[in-house]
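I open my notebook on a structure that is new to me.

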Amino acid sequence: MNGVYYGASQAFQAAWAAACKVEASTMLVPAEYIFLVGPVSFSGPYCQANIVFQLEGTIVAPTNSYVWGKGLLWWIEFTKLKGITIQGAGTIDGSGSVWWQDFPSENLIDDETKLITPLNNTLQQHPPMPVRSELSKKMPSIKPTALRFYGSFNATVTGITIRNSPQCHLKFDNCMGVVVHDITISSPGDSPNTDGIHLQNSKDVLIHSSNLACGDDCISIQTGCTNVYVHNVNCGPGHGISIGSLGRDNTKACVSNITIRDVNIHNTMTGVRIKTWQGGSGSVQGVLFSNIQVSEVQLPIVIDQFYCDKSTCKNQTSAVALSGITYEKIRGTYTVKPVHFACSDALPCIDVSLTTIELKPLQEHYHMYDPFCWQTFGELNTPTTPPIDCLQIGKPSSNRPQSDHDVC
C-alpha cells in the first residue's frame with residue numbers, strides 16, 4: 001500500500017458534494033491506498049442521477065468507540081438516489097472484530113498518517129498530519145451495518161469486497177430496482193449477526209454471481225420484498241438463505257415472488273429457510289427454491305413458523321400465511337436433519353411442492369434425524385431421498401378462506 005489516510009470523512013463528503021452536481025459523474029476512491037472513514041452518508045434527493053462511486057482502494061472503519069457515540073445503525077449510507085452504482089475492485093472493511101468481542105483492541109492502522117481532500121471528484125493526497133493512536137474503549141451495543149442503501153431507485157453494487165462488518169454487510173431498505181453481482185462478502189462463521197445481504201421493503205431485486213461468507217444469513221429477505229431473483233451464488237459459512245424472520249411483535253409481513261436457484265450452500269446451519277414468529281399476520285407466497293446444492297449443511301430445508309430467538313416465546317394462534325412454496329432439485333449432504341417443516345396449527349402451510357429432493361447424511365451416526373413435518377400440506381411430485389412421508393398430500397380439510405388477516 002502506498003499510504004494510509006486518516007480523517008477522510010470530510011474529504012469524502014466534499015468529493016460527493018461535487019459529484020452530486022453533475023449527472024453521470026464519477027467519484028473515485030483510488031487504488032493502493034487505505035482510507036480511514038467514520039460514519040458517512042451520501043445523500044439525495046437533490047443529487048443528479050446515475051452517479052458512479054468507483055471504489056478501487058480500501059475504506060476502513062474506525063475502531064475508537066468515541067467515533068460511534070452510543071451506537072449507529074449504519075456506517076456508509078447511500079440514500080434517496082436514482083441510478084447509483086458502486087463498482088470497482090476495492091474493499092470496504094468494517095473492522096468488525098472489535099465489535100464481536102468484549103475486550104478492547106488496538107487500532108490496526110499504524111501511525112503513519114496523511115490526509116485527503118477532493119479534487120475533480122477524486123480523492124487526492126495532501127501532506128501528512130499527525131494523529132494520535134490510542135486503544136479502543138468497549139464498542140457500543142448497537143452495531144452498524146457496513147453499507148446501506150435507503151429509498152433509492154436503480155441501485156447497483158458490483159465487483160467490490162465487503163468484509164468484517166460489525167453487523168449486516170450490505171442492506172437495501174425501501175429500494176426499487178436493485179442489482180448486485182460479482183461481489184464478495186467475507187466474515188468469520190462465528191461472527192454474530194453478520195448477515196451478508198439484507199433486503200427489506202424492496203422490490204425488483206437481482207442478486208447473482210457472488211460469494212457470501214458470514215456469521216448469519218448469507219441472504220436475508222424481510223417483509224415488503226417482492227420480485228426477488230437470486231442465482232449462481234455461493235453461500236457459506238453462515239446460516240444459509242432465509243426468508244424472514246417475519247411477523248415479530250404481532251406485525252404484518254408481506255413477501256411474494258421469490259426465486260432462489262443455482263446456488264451452492266456449504267458448511268451452514270440451514271440451507272433454504274422460511275422463518276416466522278407466532279402472532280404475526282400477512283403472507284409469504286410464490287417462492288421457488290431450485291437446483292440448490294448443499295454440502296455439510298445441518299438442516300438443508302426448513303420452514304419454521306415457531307421461530308424464537310429467546311429462551312421462551314409465547315404461544316399464539318395468529319400466523320403469517322405460507323402458500324405456494326416449491327422445492328425442486330435440492331441435493332447434497334446434511335449433518336442433522338434433511339427436512340424440517342414446522343407450520344402453524346391455526347394456519348397450516350399449503351401448496352408445498354417437492355420434486356427431486358436427494359439429501360444424504362454426511363455420515364451415518366446416532367444423532368441423525370428423520371424428516372419432520374407439522375401441519376404441512378402439498379404434493380410429492382417424485383420419490384425423495386430420504387422419503388418425506390410426513391408431508392400431507394392435498395389441502396387441509398379445515399383450510400379457511402383468505403381473510404384480511406393474510407391479504408397483502
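**Disulfides.** I looked for bonded cysteines and found six disulfides. The model is a predicted one. I numbered the bonded cysteines in sequence order and read the pairing as 1-2, 3-4, 5-12, 6-7, 8-9, 10-11.

**C20 and C47.** I took this pair up and found the sulfur atoms 1.8 Å apart, in a disulfide. C20 sits in helix α1, while C47 sits in the loop between β4 (40-43) and β5 (52-55). The two are 27 residues apart, and the pair links distant parts of the chain. I read -110° about the S-S bond, a left-handed link. Both C20 and C47 are buried.

**C218 and C235.** I looked up this disulfide next and noted 2.1 Å from S to S. C218 lies in the loop between β19 (203-213) and β20 (219-221), and C235 lies in strand β21 (residues 225-235), so the pair ties together parts 17 residues apart in sequence. The link is right-handed, with 80° about the S-S bond. I found C218 buried, and C235 too.

**C308 and C313.** Here the S to S distance of the disulfide is 1.9 Å. The torsion about the S-S bond is about 80°, so I wrote down right-handed. C308 counts as partly exposed because its relative accessibility is 26%. C313 is partly exposed as well, at 27%.

I then asked what lies closest to the sulfur of C214. I found the sulfur of C218, at 4.3 Å, again too far for a bond. C168 is buried at 4% relative accessible area. C214 is buried at 0%.

**Helix α1.** I checked the length of this helix, residues 9-20. Its 12 residues should span 16 Å at 1.5 Å a residue, and the end C-alpha atoms are 16 Å apart, so the two values agree. I listed its buried residues: A11, F12, A15, W16, A19 and C20.

**T270.** I ended in strand β24 (residues 270-276), where T270 lies. Is T270 buried or exposed? With a relative accessible area of 3%, T270 is buried. Leaving aside residues up to four places away in sequence, I found that T270 touches H239, G240, I265, V297, L299 and V302. The side chain of T270 reaches the backbone oxygen of H239 at 2.4 Å. I also noted G238, 32 residues from T270 in sequence and 8.2 Å away in space, C-alpha to C-alpha.

Conventions:
Residues numbered from 1 in each chain as written. Predicted model: local features only at pLDDT ≥ 70, side-chain atom pairs only at ≥ 80, totals over all residues. Heavy atoms only, no water. Helix = DSSP H or I, 4+ residues; strand = E, 2+ residues; numbered from the N terminus. Buried < 20%, exposed > 50% of the residue type's maximum accessible area, 1.4 Å probe, protein only. Contact = heavy atoms within 4.5 Å. Polar contact = N/O pair within 3.5 Å; in protein donor to acceptor, adjacent residues only side chain to side chain. Expected span 1.5 Å × (residues − 1). Disulfide = S-S within 2.5 Å.
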